Every structure is written in structure tokens, then in C-alpha cells.
Number of protein chains: 6
Amino acid sequence: MTTNRYQAGLAKLTEIDGEAGHKVIESLEGVCPDLGKYTIEFPFGDIYSRPGLDLRSREIATVAALTALGHCAPQLKVHVNAALNVGCTADEIKEVVLQMAVYAGFPAALNGMFVVKEVLAERDLL
Amino acid sequence: MTTNRYQAGLAKLTEIDGEAGHKVIESLEGVCPDLGKYTIEFPFGDIYSRPGLDLRSREIATVAALTALGHCAPQLKVHVNAALNVGCTADEIKEVVLQMAVYAGFPAALNGMFVVKEVLAERDLL
Amino acid sequence: MTTNRYQAGLAKLTEIDGEAGHKVIESLEGVCPDLGKYTIEFPFGDIYSRPGLDLRSREIATVAALTALGHCAPQLKVHVNAALNVGCTADEIKEVVLQMAVYAGFPAALNGMFVVKEVLAERDLL
Amino acid sequence: MTTNRYQAGLAKLTEIDGEAGHKVIESLEGVCPDLGKYTIEFPFGDIYSRPGLDLRSREIATVAALTALGHCAPQLKVHVNAALNVGCTADEIKEVVLQMAVYAGFPAALNGMFVVKEVLAERDLL
Amino acid sequence: MTTNRYQAGLAKLTEIDGEAGHKVIESLEGVCPDLGKYTIEFPFGDIYSRPGLDLRSREIATVAALTALGHCAPQLKVHVNAALNVGCTADEIKEVVLQMAVYAGFPAALNGMFVVKEVLAERDLL
Amino acid sequence: MTTNRYQAGLAKLTEIDGEAGHKVIESLEGVCPDLGKYTIEFPFGDIYSRPGLDLRSREIATVAALTALGHCAPQLKVHVNAALNVGCTADEIKEVVLQMAVYAGFPAALNGMFVVKEVLAERDLL
């Protein structure tokens, strides 16, 4: 039963996050594999698989929220990569993070932009 | 000189937020009109006027962040309206708020959805 | 398929939150019933149904987190009721909220305690 | 023994917050008087009674933090009054709240400013 | 006089946090020993010494809150150890952290779980 | 025209943050120089340049807010330095951070104090 959501979620995770997503799941194996299973099933199997919003818009929403929350640097790094994977340009991602200065303050935007810088450097996009 | 940013910001505020945006600015007049001036100049004159990201994507980012932060219900209400004004559908906005359950938890998503419900009711879109 | 998680979640929601939980789900019907469905399936069908921790401990964790986060008053109200429903005493709940002064500051603890007061008054436990 | 901290705290609470502080303590009596006791002893008996920083600076710090946190409107209201009581001018308080737009975003600053407006109206200072 | 709270707090800190708690206090000595003193007196001397809630439940509340707040990794590490010290099992602690995905989102739960993993590895419990 | 705000902001940034402020701006050059430009123009050109509050009080407000928010360690480091630069004593800064235990909890105050310790060590003020 769970299998359908898990399979759909795993495919969506691979499509969006690639290797980085799988590494997160693997790193949970020794401590709480069920958190890995739920991460595949609910966010990816249920939410990102929904038809009502394109993946590019979904990643814009996620990058915005993770930048604004401020305590999610590892997840922001995964989703800056994900945003690039699903068709956002580097400039669009920078605009989203920049805009967060308005809603969450300059420190959140600055810390978010340094995560963007790190990802772009790793992908030779800087 | 500030005039240019102020004029551009006021036009952008009117385009995005309509009457609701002007009400926020007016409500500051008796206490701190300069906060109203900065709200027009920086978010709207500087950020929303930038060419690198379309307004629909900008509002998706803002609705996501305000839902995730959780303590911004009045601003979320303004920006659910703004998202509708710049071309997001009600269903797309619901998807963004729903997705925040993943990143900020179910309470933030639930409280955000009740703001969406209020706006849609006011606009006879429910 | 989803049916099993949904049925298990609905039974758990009824056991823990009673009528208040159902009201939250119903209030989503006009705007985003899928958020209601996920609320039943993931928190209640998946998490609260897990065997590794008793419901009393789970509600202590939830009351602590919702008090500390500070922007979740409606959900805290539901879970103060839930904590009472699954066997926490009013005094134990007060201790948990009081303890949050240490981790999230006095304002969060004070605002949480006023939610406790409201619930206890409604249940004639004050 | 606790008595000393309690007595010193009560005097400091009265000096800073006046009647509003006492109302907070009283409102806890029916539900958790110990939270009231700790509120008097630790923040007021221990912290605000320390000699290393003047009360005006302490209230500037508190107004800034409560505005930035965003989920502490009732406490912000008490401390806008407190800031006025210990010698801050209305304009100085507005500057502190306005400055929070930089560090916590415009929504936090706007919501904080509306609390300032409410207090100034109640004190006929608008 | 403070002596009583300090002595009781120090004993409670030793009981709960062991060496890790003492290291936190020591690390404050060069910069602000009074913060160390208050940490012993208020959280440990006042709150954790109260009779109304067992230490196991108190640590469940603390682990939940620190995971949900998201910006308290060093303190979460101390309190995952503390929870183990006062009788929580590793599996119970994992359940608490996992449950925070519901209330504070998956990033907070994931980051919390990696702290749990680190502690369990250090204690050869993985 | 923006030039005036930029020039005034750059002078104020230099006065307050010294070399550390310039390093933040420079580190943005490869990824999003406009965020650097806005950081100079809005916080420093607009806000810190306002006459209604002295710089010492402004830095007290900023140190308080950044400590309370909890996810802004790099910015807190810059502003502990800034507070010292504009005339706050080390003891006053410690008082502000200590006071945040009341409003944002002990973990935020502890993490803030360790940033203070780091800055004071770098400036041989410990």
C-alpha cells in the first residue's frame, strides 16, 4: 500500500533532488530510516507529485520558505540544487533569496545568498 | 531623487496590492509615515520592480515565506490577494500554502490556509 | 490504499482530539479538503499511531513544541485538550508550559499558559 | 530568601511596567501563580535589577527583541509602555521598531508599529 | 540564600546533564559567569527541581522544543544526552524528534535527528 | 541619486562596522552584488543614518534582536563588534545578551554569549 506512495516519492525525489536527496535518506539509515521513508512518502510522494503547481513554482516556494526560516541551511542547499534541476535559472533563485530581505530581514537573505553562492560554485555556475 | 523610487514603488504597490496596500500605508500615517515610505521604496520600488523574476513567481515566494514564518497573518492576507491580482489561480495559492506543511509544519500550513479561505470568501471565490 | 492510513488516522484523531479535531478537518472542506486528508493521514495515521512512544508522552512533546514556537495558538488549544484526553493532568500540562520559559522565553510561556487557562475554564477545571 | 528576589522584583516590575505588569501577574493567579512568581523573580528581581545597564537601554533591547520575534504582541504592548515609563520618547521607540525591518523583515516591523500606535493612542500621545 | 537554589540547581544539573552541563557553565566563566549562575539557578534550581512532572517527561518536552525551534543544536545535543541519562530510551527520543516533522516541518526534524545520531554514536548506541 | 543613499550608507557602514562590514559586501560581489548595494543603501543609508536615535542605542537594539532570533550568528558577530565601535562597553553588550534569556530563552542567550566571547577574544578584551 505504502509502496505506491513510496515508489512515486522516490521517483520524484530523484527527479528533483538527484543524488543529494538520496544522500539525505541514506544518512538516516543508521538512526531512523522511518524518517527517510516519510520524507520520501509525504513531501515527495504526496505533495511534489500533485498536479496543481509546476515543479519550478514549487521550488521557488521552497527556496523562499527555507531562506526565511533561517535555520535550514542544509535543506536550502539541497533545494537550491533542486530549483536548478527543475528549470529555475541561477538569477531567478538569487531574486527569490534577495526578496526574502523584505519578509525575513537582511540576515536571513544574506545567509541564504551564501548558500546559493556555495551551490553555484560547486556547479561551476559562479 | 527618492522620488523616483517612491513613484515607481507606489505604481508597483498599486499594481500588486491594490487598495489593501494603500490602506497599510495610510494606517501608518498617524504613527510612523516613514515606515510607509520605506515600505513603498524598498520592497516595491526596489525589489518587486526588478526585471529578473515575474510577479507571479514573486508572489508565490512571498506567500510561501509568510505562511512559513507564521506570525504574519495580516501581511499574508494582503499577499494572497496580491497573488490573485498578478495572475496566480486560487488553486495554485492553495498548493503553495499546503506545501508549507512540509517545511514549517502543519500548524503553519493550517493557519495559512484559513487566511486563504478568508480572502477567497471576501472575493466570492470559495 | 490511502484508505488504511486514513481510517487509522481518523480513529486516532477521534481518540486524541475528539470533536475539536473533527472541527479542524471540517473547516478545511470548503477551501482545501486535501490538507484535511493529509492531516489525518500523516500526523495521525502515520506518527501518532506508531508504537514506540505512549500518547501521553507524545502530547507532552506537542504541547512543548507548540508553546515554544509561539505562533500556533489554535493548535495549542486543540492539544491542551488532547493532552487531557489521553491522561495528562492539568498540573502536568502547566509544568510543560512553564518549562518553556527556559527554552523559548517568558512571552512564549505566558501566551501558552493563557491558552491552558482558556481550555481549563471551558472544561470547568480551573 | 526567595523573598528578597521577589520583593526586589516586585518593586522593579512596579517601577517599569506599572499597573500593566501587575495585571499580567494577577491573570496567572487562577492557573499558574508560580509562573507569576518566577516572572517577578527572574526577569525583574534578577535581570532588570542588575546595575550594568540603564533601564532605558534595557527597554530598547526588549522592544527590539519582542518586535523581531513577532509572536509576542501582548508583551510588546507592555514593554512599549515600559519604555515610555523609564524615559524613552515615543520617537525613540518608533525608531527601534522601524529598525527591525532590517533584521526581522517588514511584516515584523509593521505589526510592531501597530502595537506602538495602540499604546500611544491609549496614552493620548498620538 | 541564592545558595539554596544554586546548590539544588547544581545537584539537578549534575543528575540530568552530567559533565556536559558543567562544561557549558565552565565555558561561560571567562565571559559571563552570571549567565552560568542563572542557568543553574532558574532552569535547574527552580524548574527541573519542581515535583509536578517527572524528569523523563521534562526531557521529552525539552527535546521536542529544542528540535522545533531549530536554532539550538548545541543545547539539543546536551538534552538528548540528558534524556538518555534520566531514563528515556534511544527509540523514544527518536520518536519525539520524528514527531516534530508534524509541528515544525521536516527540516527541523531532520536536523534534530542528525544531532540524535551524533549523540548515539558518541555513546556507542548506534 | 541612489548615489546619495549609497554614499551615505557606505560612510555609515564604515563608521559602524569597519572592515567587517566591507567584507560582507565584498563576499556578495561574485554572487549578488545588488544585495550588497541594498545592504548599504537601506539599513545603513536609510535607517542607521536617521537622526532620531543614537548609534549606541541602535546597536543595543540590533544585538538584542539578532540574539533573540537565534539564526543570525554571523550578523551578531558583526554587530557585537559594531556595538563596541560606537561606544558600548563589553559589559553592556553582555547585559543585553543576558537579558535575552528572558525573552527568547536560555539557548538563544547562551549561543549569543559565545559569539560575544569570540569577538572579545579577537579584540583582546576577554
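Visitor: In this predicted model, are Phe44(B) and Tyr48(B) buried or exposed?
Guide: The term applies to residues under 20% relative accessible area, and in the predicted model both Phe44(B) and Tyr48(B) fall into that class.

Visitor: What kind of aromatic pair do Phe44(B) and Tyr48(B) form?
Guide: A pair of aromatic rings is described by the distance of the centres and the angle of the planes. For Phe44(B) and Tyr48(B) the centres lie 5.1 Å apart and the planes make an angle of 15°. Because planes under 30 degrees apart count as stacked, the pair of Phe44(B) and Tyr48(B) is stacked.

Visitor: What is the relative accessibility of Tyr48(F), which counts as buried?
Guide: In chain F, Phe44(F) and Tyr48(F) form a stacked pair, with 5.0 Å from centre to centre and 15° between the planes. Phe44(F) is buried, its relative accessible area being 4%. Tyr48(F) also counts as buried, since its relative accessibility is 2%.

Visitor: Which relation holds between chain C and chain D, given a rotation of 120°?
Guide: Two copies of a chain are related by a rotation about an axis and a shift along it. Chain C is superposed on chain D by a rotation of 120° with 0.0 Å of shift along the axis, at an RMSD of 0.0 Å. This is therefore the relation of a three-fold axis.

Visitor: Which residue of chain C comes closest to the rotation axis?
Guide: The axis is that of the rotation superposing chain C on chain D. Judged by C-alpha, the residue of chain C that comes closest to this axis, at 3.3 Å, is His71(C).

Notes
Residues numbered from 1 in each chain as written. Chains lettered and ligands numbered in written order. Predicted model: local features only at pLDDT ≥ 70, side-chain atom pairs only at ≥ 80, totals over all residues. Heavy atoms only, no water. Phe/Tyr/Trp six-rings, centres within 6.5 Å; stacked < 30°, edge-to-face > 60°. Buried < 20%, exposed > 50% of the residue type's maximum accessible area, 1.4 Å probe, protein only. Least-squares fit on C-alpha atoms with pLDDT ≥ 70 in both.
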